[in-house]
Protein chains: 2
Amino acid sequence: MTAPLRIAIAGLGTVGSGLIRILQTHPDLLARRAGRPIEIVAVTARSRGKDRGVELSGYGWEDDPVVLARRDDIELFVEVMGGEDGPAKAATEAALAAGKHVVTANKAMLARHGFALARQAEDSNVALRFEAAVAGGIPCVKALTEGLAGNAVSRVLGVMNGTCNYILTEMERTGGDYDNILADAQRLGYAEADPSFDVGGQDAAQKLALLSATAFGTQVDYDGIKIEGIERITLTDIRYARDLGYRIKLLGVAAQTGEGVEQRMQPCLVPMSSPLGQLEGVANMVVLEGDAVGQTVYQGPGAGAGPTASAVMADIIDIARGLVIPAFGVPTADLAAPVRSGSSAGAPYYLRLELADRPGTLAQVADALGQAGISIDRMRQIQHESDAAAPVLIVTHGCTRAALDGALRRIGALDVATAAPVAYRIEPV
Amino acid sequence: MTAPLRIAIAGLGTVGSGLIRILQTHPDLLARRAGRPIEIVAVTARSRGKDRGVELSGYGWEDDPVVLARRDDIELFVEVMGGEDGPAKAATEAALAAGKHVVTANKAMLARHGFALARQAEDSNVALRFEAAVAGGIPCVKALTEGLAGNAVSRVLGVMNGTCNYILTEMERTGGDYDNILADAQRLGYAEADPSFDVGGQDAAQKLALLSATAFGTQVDYDGIKIEGIERITLTDIRYARDLGYRIKLLGVAAQTGEGVEQRMQPCLVPMSSPLGQLEGVANMVVLEGDAVGQTVYQGPGAGAGPTASAVMADIIDIARGLVIPAFGVPTADLAAPVRSGSSAGAPYYLRLELADRPGTLAQVADALGQAGISIDRMRQIQHESDAAAPVLIVTHGCTRAALDGALRRIGALDVATAAPVAYRIEPV
């Protein structure tokens with residue numbers, strides 16, 4: 001058997017400890033698969049003394065991640081500290097500059113600095129891998145860069161934040177409202193004390209930015225993503241959507257359009273019978289569409305020690321086996337500058353309007369939609385108290401968001417709506 | 001850019017033509033991803049003159065696949081002729097002996113000769129890859145050998161034959177019986193003129209044999225698979241299963257037990273709400289379970305020119321990038337001789353009995369089950385004509401197949417059953 005692959009691990013939180021547990025549990029199995037033993041040389045974390053439930057006495061210790069990253073006796077640096085800048089970035093840059101392979105789970109860092117770091121890895125002729133940064137244990141970056149490498153990819157989409165999917169699933173299942181279910185999720189450890197990064201869509205958008213760059217061969221463009229969170233989704237809309245045969249999901253979509261790449265992270269309706277519509281709880285799902293293969297779907301746990309460490313381990317084994325490919329699947333010189341695009345293809349929309357209960361109101365609304373060039377697939381007025389505003393649900397035929405916004409302005413000008421309209425895209429899946 | 005990867009293609013049927021179409025459509029994209037151009041040097045097929053809808057004039061031609069496989073000017077041989085032995089095997093052996101990488105879609109050949117061919121590839125220090133042999137366009141071999149390489153795999157299961165899944169889906173959807181739906185499938189091109197290889201379970205079992213060897217690091221053991229086809233599944237049972245919340249699928253399962261590896265390809269019930277239960281039409285689905293990652297699910301098209309060629313192309317690109325790993329993920333010296341195992345874990349069973357409508361019959365059946373140590377989860381007697389046999393549905397709690405067979409023998413001896421009992425395992429998913 002050839003010489004061991006010597007690695008260093010920076011960060012001993014959930015992922016770092018999970019990784020050490022895998023390496024301690026299956027050393028022989030991993031060596032058979034990797035073609036060589038994998039050996040932890042040294043580790044670092046913020047606090048040395050803390051009990052993390054794994055035995056660390058056999059490994060060296062460095063206080064400074066940058067010093068760890070540059071150690072002469074390692075070939076590969078695992079960055080699982082997290083953080084967009086600061087020590088994680090400094091150590092990653094130091095490792096790459098010193099000619100060490102880097103495996104990271106750090107989506108925040110890559111969403112911001114992915115292109116520069118990929119270039120640095122290329123210059124040093126080492127690998128920069130990030131399977132764990134995208135959808136936890138699901139090997140979807142590998143599916144995209146390798147499994148579907150023969151395809152021109154047309155669209156990637158998915159549910160990439162388990163916290164949001166848990167909240168939406170539980171709202172439907174229990175009939176609880178957003179605030180109560182969020183509080184439950186926090187108690188269960190599915191949501192952070194400050195949940196805004198998850199429920200606001202930023203966490204999932206960082207993952208989408210990485211998938212999108214990989215799928216379409218562009219520089220990472222996190223700022224080009226239109227982001228809308230789940231904070232304003234009501235039980236009312238979840239139930240009306242269900243009655244119409246849909247579920248509301250926080251859906252990330254990146255699509256190649258004629259002009260460039262469209263990137264969105266927003267609540268959308270998907271058919272209840274589709275794989276995305278069926279996805280429950282904290283699971284993640286990624287859908288990859290290519291010109292040769294058609295549609296492929298990947299589902300699994302999107303977070304947690306075991307799944308995330310499984311993804312980190314896969315990247316390490318790839319490198320041990322000698323696989324060094326560009327971080328985003330093609331050389332950085334071939335990564336196009338991002339050209340942002342709106343949605344070229346129209347989509348149906350779900351609209352909920354609260355209308356004054358006066359004769360002729362519905363006709364006026366239908367007329368406003370018609371004037372914007374939007375035809376109606378289904379319209380349903382919900383039974384209501386006689387003196388209250390009448391909830392009206394509309395499913396449009398395919399239209400652009402611009403046309404829809406035009407129609408909503410016209411409807412606003414009619415002075416018949418008693419509340420701001422709710423509009424969600426129905427994503428074709 | 002480095003020198004092109006020169007390949008030869010043996011077989012110009014659906015897959016071979018599909019592969020050529022991909023290579024002709026995206027040469028630049030493929031070169032960027034592979035790090036080098038991929039160039040078809042020469043091809044072969046049974047008949048040279050046939051119009052296959054792709055331009056072949058730029059490529060050399062060999063009449064003999066073995067001669068093609070040995071050509072000095074190729075590095076990689078694509079075997080998409082098919083057939084367990086004969087020219088496919090001869091050419092594959094010739095290619096490996098001559099130090100050429102081999103990419104094949106030939107599950108029949110690998111299910112029988114996979115271990116010997118893997119050893120030959122290893123001796124020549126070349127790759128033998130077979131993503132296309134397992135579940136069409138779904139990159140599930142890659143997920144297993146690479147994406148989940150950090151895991152001890154406990155179980156792989158799935159729906160691996162689109163023809164069978166189409167037939168079962170359509171029987172439920174249309175209420176047609178097996179023979180009529182099979183005839184429809186043949187007209188639509190989803191089933192062969194002689195469908196026995198698909199509906200009998202052998203096609204799917206070959207795929208399972210390859211997945212199982214890869215998952216558990218054993219020599220391929222096709223003969224160790226207990227195979228039962230879908231020919232005897234009735235609309236009656238499909239409907240009763242649905243009423244109980246299940247769907248009947250031809251399910252392949254390979255599981256690590258205490259004693260060895262259990263391999264089964266048989267109709268099973270799965271919960272309607274599970275990903276496997278939701279799978280409709282000709283799609284395939286593979287579920288991979290590992291100790292670190294938990295459960296991951298992969299869905300996509302299991303057959304067809306584009307999907308299968310996509311998988312072949314991925315293997316070619318991997319090799320172009322320099323990835324040469326053992327065919328089954330670990331060196332052949334580490335592939336254990338197969339130890340066959342029955343099911344160690346019990347499972348619930350679905351039973352349908354046709355019982356004489358006499359007082360005390362149900363009690364006798366319940367008693368027979370109890371004597372075999374099997375407890376009943378649900379029992380339902382279906383309304384029937386007063387003088388006909390009474391259909392009785394039973395869902396047992398978890399029990400072994402041996403215990404169940406014992407109970408069925410006892411019930412047979414009671415002389416109350418008017419027809420042979422139907423029993424399907426309810427696979428926990």
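Predicted model: local features only at pLDDT ≥ 70, side-chain atom pairs only at ≥ 80, totals over all residues.
In strand β15 of chain B, residue B:P391 is the bridge partner of B:E354, and this pairing belongs to an antiparallel arrangement in which β13(B) and β15 (residues 390-396) are joined over six bridges.

## Strand β13 of chain B

On its other pairing, β13(B) is joined by four bridges to strand β16 (residues 422-426) of chain B, and these two strands also run antiparallel. Within that pairing, B:R352 has B:V422 of β16(B) as its bridge partner. Which residues point to each side of β13(B)? B:Y349, B:L351, B:L353 and B:L355 point one way, whereas B:Y350, B:R352 and B:E354 point the other way, and all of them are buried. In a regular strand the side chains alternate between the two faces of the sheet. Because seven of the seven residues of β13(B), residues 349-355, are buried, the strand is largely enclosed by the rest of the structure.

## Strand β16 of chain A

In chain A, strand β16 (residues 422-426) is mostly covered, with five of its five residues buried. Strand β10 (residues 261-271) of chain A pairs with β16(A) in the parallel sense, over two bridges, and A:C268 stands opposite A:R425 of β16(A).

## The parallel sheet of chain B

Chain B also holds an open sheet of six strands, whose order is β3-β2-β1-β4-β5-β6 and whose pairing is parallel. The edges are formed by β3 (60-61) and β6 (128-129), each of which pairs on one side only. Within this sheet, strand β4 (residues 76-79) and strand β5 (residues 101-104) of chain B are paired in the parallel sense over four bridges, and B:E79 of chain B stands opposite B:T104 in β5(B).

## Salt bridges

Over all chains, the structure holds 55 salt bridges.

| Pair | N to O distance |
|---|---|
| B:D223 and B:R112 | 3.1 Å |
| B:K142 and B:E146 | 3.1 Å |
| B:R155 and B:E427 | 2.8 Å |

B:R112 counts as partly exposed, at 36% relative accessibility.

B:K142 and B:E146, by contrast, both lie in helix α7 (residues 140-147) of chain B, where they are four residues apart, about one turn of the helix. Both B:K142 and B:E146 are buried, and they are also members of a network of salt bridges that links residues of chains A and B, including A:R129, A:D315, B:R129 and B:D318.

## Individual residues

B:T169 is found in helix α8 (residues 162-174) of chain B, and is buried, with a relative accessible area of 12%. The side chain of B:T169 reaches the backbone nitrogen of B:G281 at 3.2 Å. Leaving aside neighbours within four places in sequence, B:T169 is in contact with B:K249, B:L279, B:E280 and B:G281.

In chain A, A:R239 is found in helix α12 (residues 235-243) and counts as partly exposed, at 39% relative accessibility. A:R239 and A:E172 are 67 residues apart in sequence, while their C-alpha atoms are 7.0 Å apart in space.

A:V282, which lies in the loop between α13 (275-278) and β11 (283-290) of chain A, is partly exposed, with a relative accessible area of 36%. Together with A:L188 and A:Y190, A:V282 makes a nonpolar surface patch of about 270 Å².

How values were computed
Residues numbered from 1 in each chain as written. Chains lettered and ligands numbered in written order. Heavy atoms only, no water. Buried < 20%, exposed > 50% of the residue type's maximum accessible area, 1.4 Å probe, protein only. Pairing = 2+ DSSP bridges. Patch = residues over 30% accessible without salt bridge, like charges linked within 9 Å, V, L, I, M, F, W, Y side chains within 5 Å. Areas by Shrake-Rupley, 256 points an atom, 1.4 Å probe, with all protein chains shown as cover. Salt bridge = Lys/Arg side-chain N within 4 Å of Asp/Glu carboxyl O. Polar contact = N/O pair within 3.5 Å; in protein donor to acceptor, adjacent residues only side chain to side chain. Contact = heavy atoms within 4.5 Å.
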